[in-house]
Amino acid sequence: MRDRKSAMHRQRLSSAALFILLLAFLLRVYRLDAQSLWYDESLSVHLAALPLPDTLAQSAVTDHPPLHALLLNLWMRVTGSSEFSIRFVSVCFGALIGALVYALGRKLGGPRVGAIGAILLAIAPMAVWYAQEARGYSLLVALVLIAVLAYLRLVNGDWRQRVWATYILASVAALYTHYFAVFPLVAINLAFALNWLRNQLSSQPTIQQTHQPVRWLLAQAAVAILFLPWLPNALAQAASNATYFPGRVTWDTVVLETWRAFAGGDFPHLVVPAQPPPTSSLWLALVVLGAITPLLPNFSKPRQVEMGRHQETGRHQETGRHQEMPPTHSNFILITLLLVPLLLMSILAWEKPKFAPRYLLTSLPAFVTLAALGVDTLLRFRNRLLAVFALLPMLLIPLVDLLVTAQIYFDPPVARPDARSVAAYIDANDAPGDAILLVGGHQAPLFEFYYDGPARVIPLPPDLLPAAQTPLDARAVSQLAEIAAAHPRAWLVLWQQAVADPTGIVLDELRAQAKRLEVGQNFHEMSLLLFDVRGAIFKPGPQHALDIAFADPIRLVGYDMDSNEIRTGQDLFFRLYFESSGPIVRNYQVFTHLVDASGAVAAQADRIAGSDSYPTSLWSAGTRMRNEFSIHLPAQLPAGNYRLVVGLYDGPDRLAVADGADAAEITQIVVTP
C-alpha cells in the first residue's frame, strides 16, 4: 500500500513537472514577435546570415564566440528569417532550462524541490525576457546546467565515459557560446576541490575518491585544449573591447543590480532606481534558508541522489541506483554557482567598467533552486501552523513575477527599442536621393534587417560593435560635408549616440547648418530627425588655429569663436579642439578662465575633455575632439580687456604646457557695458 501511494505521489509530481514545462514554453512563445528586434539580436542575425566561414571570421571580431550564430545560421536555412523564427531557437533552449532546473532540484533535494525550482524559473521575468531574445543567453544557461548535472554525477561515483564526455562537451560549448561561461566553470571547479578535500578528511575515503583529481584535471585540460583554437580571439577581445561606462562599477552595484534582476526582472524603470523590487526581501529569506537548511535540526539527513558507478579494486562496477550525498555539498554547489560569478564579475567590472545583470544569467538557476530548497524546508516544518504563516507572504513572489512578465508583453516602456517602426516610417516617407545617417553606426545590421528602401544607409561610425574606442570626433564634419554634397535630405537615426558621438557633433552641425523638417511620429527609445541639407555648409574647423602642446601627448590645435567682443551679463560661447598624438593615461578636465589685467579670474567654466563616455584615457592617436564652452559674464563685470586662459587638470594637479607654464592664453576678449 505504501509503495502504491509513493508511486502515485511520483506520478503526480511528474505530471506537475510536465505542466510546468508546458507553462514555461507558453510564457516564452507568447507574443514572441510582438516587439522589434534590437541591436544585439540584429548582430546575431547579421552573423548568422553570412556564409559559415564568414560567420566564424566576423564572430572573431565581435564580443561573443560563434556557437549561437552558427546554430542560428543552420536554423535560418531551414525556417527562414522571420522575427518569430529567429527568436524561437532561444524559446526552445529557454524551455529546456526549465527541465534542467527540475532535474537539478530533484537531484539535490527531491522531486518537490525540482518542481518548485522549475516553476520559479518558468515565471521568472528575467528568464522569460532572455528566452524571447535572439541571443545566446538561453543556450549558455542550458549548457552550464548540463555541465553541472554531469559534475554531480561524477562526484557521486558515476564515472562512465559518457558522463565525462557530457561534462567536457557542455563546458566547451558554453565557452564557445559566451566568454562569461568561465565564471560558472570556475565555481564548479571550486565546488569539486572542496568536495574532494571533504572526502580526504573523512574517515575512510574510497580509492575512487582519492584518485578523482587526476581524472578531473584531465577533463579540465580537455576543455582548455578544445577551446584553445578560439583563445586568441577571446584574448584579443578582452584587450580591445573598450568600455563606455563612465566611472567605476563597484561590487555593491553588481550585487544589487543582480539581486534586483533575479528577484523581479532586469527592468530598473519598473521600480525605484537602484532599489530591489518589493519581494526582494522574501527572495533573500528563501535563498538564505535554502543555503542553511543542512545546519538546521531535523534537516541534516543526507538526501538520496541518483548515481551510477564507483571504483573498487581498480574497476568500475555497478553498485545500485542511489548514493547518499551530504546536504552540505548539495547546497554548496548552488552557493558557489551563485556567489563565485558575482565575485569574479565584480573584479572584472572594477577593472573594465561594463556590467549588465544578464552577464550573470547562469547564476539564476542556482538562485531559484536555493529558494526552492527554502520553500521545501518550510513545508517540512513539524509545526504546520508556523509553516503556513511563513509561506503565505511567499505567495507574493509568483504574483509579482507574473505581473512583471505581463509588463514584458504589454507595457511600452519595457519594450525593446522600436527600430522596426523607425525603418517603416522612413520607408513610407523617403524621397529620391535621401540618406539615412545612423548614429551610432552599429545599428546598421538592424537596418539591414528592416529597411529595404532606396535611401543610402550611412553608419557613423561604420563599426559592428558600439564605437567605444573610435567614436566620431571633429573629423565627422568633413563626412557631413561630403554627404550634403551628394544628398538633398538626411534622416538622422539616434540610438546610443552618447557612445558613438560623445560630443554630439553630428546633431549639433545639422541643427546649425541645415533646415530641420517635420517628422510626424515618436519612437520608443530611438530618435528620428529629418534635415534638408541642400545649401548647408559644413566647415571642419577650427576657425582659429593653435599649436599648444601639453606634457602628455595632447595638443590644443584651435578654437571657434564668432566674436571677441561681448557685453557684460551675456554668455561667451566658444569651442576648443584638442588632439592626441599617443596614449593618455589620465582623464583630464578643461578649465577656461577669463582673466583681468591683474591676473584675477573674473569668470570661468570647466568641463571634462571629451565626454563622460569618452575621456582622454580612451583617446587613440589622431583623435580630435571638439568641446563647447559657455562662460557667463556677471552683470557687474567691469568693461575692459580680458585674457581667455585654458588649461588641463586631473584632481589638484594641472598638466604643464610644453613651455613649463600650467595654462595657455589663447585670445583677448573685449568686454563692453
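**Questions on a predicted model**

Biologist: Is alanine 24 buried or exposed, and what is its relative accessible area?

Modeller: This is a predicted model, in which local features need pLDDT of at least 70 and side-chain atom pairs count only at pLDDT 80 or more, while totals for chains, interfaces and linings use all residues. Residues are numbered from 1 along each chain as its sequence is written, and side-chain values use heavy atoms, with hydrogens and water left out. Alanine 24 sits in helix H1 (residues 2-29), where helices (H or I, at least four residues) and strands (E, at least two) are DSSP runs numbered from the N terminus. Buried means under 20% relative accessible area, exposed over 50% and partly exposed in between (1.4 Å probe, protein chains only), and alanine 24 counts as buried because its relative accessible area is 2%.

Biologist: What distance separates the C-alpha atoms of alanine 24 and alanine 127?

Modeller: Alanine 24 belongs to helix H1, and alanine 127 is 103 residues away from alanine 24 along the chain. The C-alpha atoms of these two alanines are separated by 9.5 Å.

Biologist: Is glutamine 443 buried or exposed, and which backbone oxygen lies 3.0 Å from its side chain?

Modeller: Glutamine 443 occupies the loop between strand S5 (435-439) and helix H20 (444-450), and it counts as buried because its relative accessible area is 0%. Its contacts (heavy atoms within 4.5 Å) include Leu438, Trp495 and Met526, leaving aside residues up to four places away in sequence.

Biologist: What is the omega of the cis peptide bond between valine 439 and glycine 440?

Modeller: Most residues other than glycine have a negative phi, and most peptide bonds are trans. For the bond that joins valine 439 and glycine 440, omega is about 5 degrees.

Biologist: What phi does glutamate 525 have?

Modeller: Glutamate 525 is placed in the loop between strand S8 (515-517) and strand S9 (527-532), and it counts as partly exposed because its relative accessible area is 47%. Although glutamate 525 is not a glycine, its phi is positive, at about 65 degrees.

Biologist: Which residue forms a salt bridge with aspartate 560 at 3.6 Å?

Modeller: The structure holds 22 salt bridges, each being a side-chain nitrogen of Lys or Arg within 4 Å of a carboxyl oxygen of Asp or Glu. Aspartate 560 counts as buried because its relative accessible area is 8%, and it belongs to a network of salt bridges that also links Glu509, Arg626 and Glu628. At 3.6 Å, N to O, the side chain of aspartate 560 meets that of arginine 575. The pair links distant parts of the chain, 15 residues apart, with aspartate 560 in strand S11 (residues 554-560) and, in strand S13 (residues 571-580), arginine 575.

Biologist: What accessible area do Leu385, Val388, Phe389, Leu392 and Leu395 have together?

Modeller: Leucine 392, one of these residues, lies in the loop between helix H17 (384-391) and helix H18 (396-410), and it counts as partly exposed because its relative accessible area is 49%. Patches are made of residues with over 30% relative accessible area and no salt bridge, like charges being joined within 9 Å and nonpolar side chains (Val, Leu, Ile, Met, Phe, Trp, Tyr) within 5 Å. Areas come from the Shrake-Rupley method with a 1.4 Å probe, and for residues only the protein chains shown count as cover. The five residues form a nonpolar patch on the surface, whose accessible area is about 530 Å².
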